[in-house]
Amino acid sequence: MAVIIAFWIQFSLPAVPPAEEIPTQEIVVVAARLPGQDPSADSSQIDGQRLRRSARPSALEAIAQEAADVYVSSRGAGIHGIASGASGSINIRGLGGSPNTQVLVVEDDVPDYQGIFGHPIPDAYTPFLIEDVRVIKGGDSVLWGTNAMGGVILIKNRWLHRDGLEIMNDTGYGSYQSLRENAALLWRRGDWDIAGALSVLRTDGQRVGAGGVNVIGVVGARLRLRPELRLSLSNKLLHLSGGDPGPASHPNDDHWYDVWRDSLSLRLDYDGENYSLRLVPYFHIGIHRLYDGFYSQDYLGGGNLVCDFDLIEGLKLKLGAAGEWVDGLVEDRIAREHQPVDPSGNLSVYGQLTYTPAESLTFMAGARGMYHTSYGAIGLYKAGARWEFAQGFFLRSRLARNFRQPTLRELYLPFPTANPDLKPEYALNWDFGLAFERGHFSLSVSGFRTAAENLIKYFGAWPSAEVVNIDQITVWGISAQMALAKLGPLDVRLSGEWQDVGRYTRQNPEGRLTFTVDWLHTFGAHAIMATLSGEWVHGLYMGNYGRDPIPDVFYIDLSARYRYSPADARFVVEPYLVLANPLDRHYAYIKDYPMPGFHVLAGLMVKI
Amino acid sequence: MINRYPDKTLVLLAVLISLAGGCDLAYPETVVVNKLDQRVLVRNLSFNGCLWNTVLAYGEATSPGRCLPGEDRVHFEKFDAGAYCQKQADDGTIEGVCACNTDGQPDDNPMDSGLSNEVPTWFNYQTISSFRAGYREFHIFELTPKDIEQDFSVPGPYGH
């Protein structure tokens, strides 16, 4: 087996401000990157405006465009799907799960995954209310618990920061009878904040059976009881319907799915003089129906209480307690059979200590003690450091022990097989990096080692498949990222990754490169923006052990926008055109699920 | 004075609309014809993203389907009615129909009914040849007896 030293360029660029907020006088900011919750973590921060303007058809793909070490598969023009034939699998530094059980998505401090299948739904995220996204590479189970094994995607949604009203509507129409409608409303007055969004995607897809409709509605309300005390309520309801088109050589036109999901969360924030408190209880429910009679209800309930203390100058302590419970029911409505499922839960206490003895040096250590109803006591830990050894030059390193509980599907459901004796997965992830930021230029390089044990893998094929915990795997890799900001009218970003994934090669690419070139020209109230972006993926396989190789993925996208925003008016009008795959490349992330050739989307965004 | 030139805005709009709707209109059109045998039926034919949920008798053709550009074999399910009838006659499962002995007389020794399989079975087949179809092309592919083989690439049930 060839051992390839991976070269990975890590993204660590300060977020570029949204275009409509760019002042007429040029200002270049030289500052350290915001450290986030864990200052030693290797992370990418992506502004919500970049995601909204991305030429990529879904939120997860737009995130993957900004960070080469985040691989997301796709099968068409914006719909990932559910169950068989679904795309949207996320892989970060060799870990992803089957599917996505090793990457945790957290939306406004609420972990998001299904109770039975144990993973997030790729179609459940719309960028329209997103303020920013932070991707923590290497995971962080100390702070986030199960599933935060390979990575954590932290999504923060928007509120208005001052009294007023903002309404935004984005309507697009394009190839394959694709219709996109996104509307958002944000309102703030006195002690109240309201945020709501509706996102609809409807498409026939590029081939038989690839169409579908995604509808996502989000509403949130926040009340400032006192200046230091805030109470928020948030609910997301989504309805996804579509189908598995099947391989192009054996298509399906009736393998449909119909999914309803709702996520409700409450949040209480208190800011004291030297401490802050946050309490977040949440509840998710999902109802899934499939063409073959499959029916399920799944539940995830939990809560998180976190307190951040400023102990003394340079010493911060985070203490938390969390609990989660998953349950569900599954039946075959045609055969009239029920699949028994046992619920499970866990309770945890955790802490993280951050010590900054000097302005340029920070140490971090954390631990989590968990009690699981099925696996007993579990210990997790992490430690790291970040050092600015010269102006603009940073060194960082972190070691983290992460964990994933087996899903109820893996334990009890014959899809394709189950094993109630499965044990949890563990990973010990280590990474180190060097970064440089000055003026218009930033460059960072990171090396990483992902070592996982007890990985849960499926072997064989139905009807003789089995699922077991295997022994260890080790993934070495390197990432690197370069950005040139405000180089005249241009912004250039280049991100690359190379890794040795060993024998578990299924949907786990060896190499990836993403690039984005933005061109902006403003003249008074007018602006013209053009973007060239693209991706190259190498070493992609449909099977483990290097079986079923998939040809390299390469494509580019072009997009153009015109913005009209008069200085004395309070509105923005922005028509745009996206030319996706203008080279009409024939490629696929998933074997025999070809991506669309050249296709077009035209739209209009209006904001008041 | 008559304006002989269309408004530029309308022209731009027409171009954009045609771009938005035109990509799949350029896909190749494909027809498949059953030329296997008088006694052979085929159904659920597919070719590079196209699917025809229909049953074709000998000589019948599918409707033109807009398939993805590229190369693929034609995949289908095959039912040999003649072979099925012969087997049932051998097993004596059809009243009034039985195999003949060497004298041309009805054979009075039918197989034990418990060992007979009366369920008609459609088997997965594909053409041996691969066909290529490009944008704006029109193709008629014929299924012929010497150009088919069993198709073991049919995906099984993956579960959820």
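Me: How many bridges join strand β2 of chain B to strand β6 of chain B?
Reply: This is a predicted model, where local features need pLDDT of at least 70, side-chain atom pairs count only at pLDDT 80 or more, and totals for chains, interfaces and linings use all residues. Residues are numbered from 1 along each chain as its sequence is written, and chains are lettered from A and ligands numbered from 1 in the order in which they are written. Strands are DSSP runs of E, at least two residues, numbered from the N terminus, and two of them pair if DSSP finds at least two bridges between them. β2 (residues 40-47) and β6 (residues 75-80) of chain B run antiparallel, and the number of bridges joining them is 5.

Me: What is the bridge partner of B:F76 in β7(B)?
Reply: β6(B) also joins strand β7 (residues 123-127) of chain B, through 4 antiparallel bridges. Within β7(B), the partner of B:F76 is B:Y125.

Me: Which strands of chain B stand at the edges of the open sheet of 3 strands?Reply: The order in this sheet is β4-β1-β9, with mixed pairing. β1 (residues 29-34) is joined to β9 by 6 bridges and the two run parallel. Each edge strand has a single partner, so one side of it is left without a neighbour in the sheet, and these strands are β4 (65-66) and β9 (138-143).
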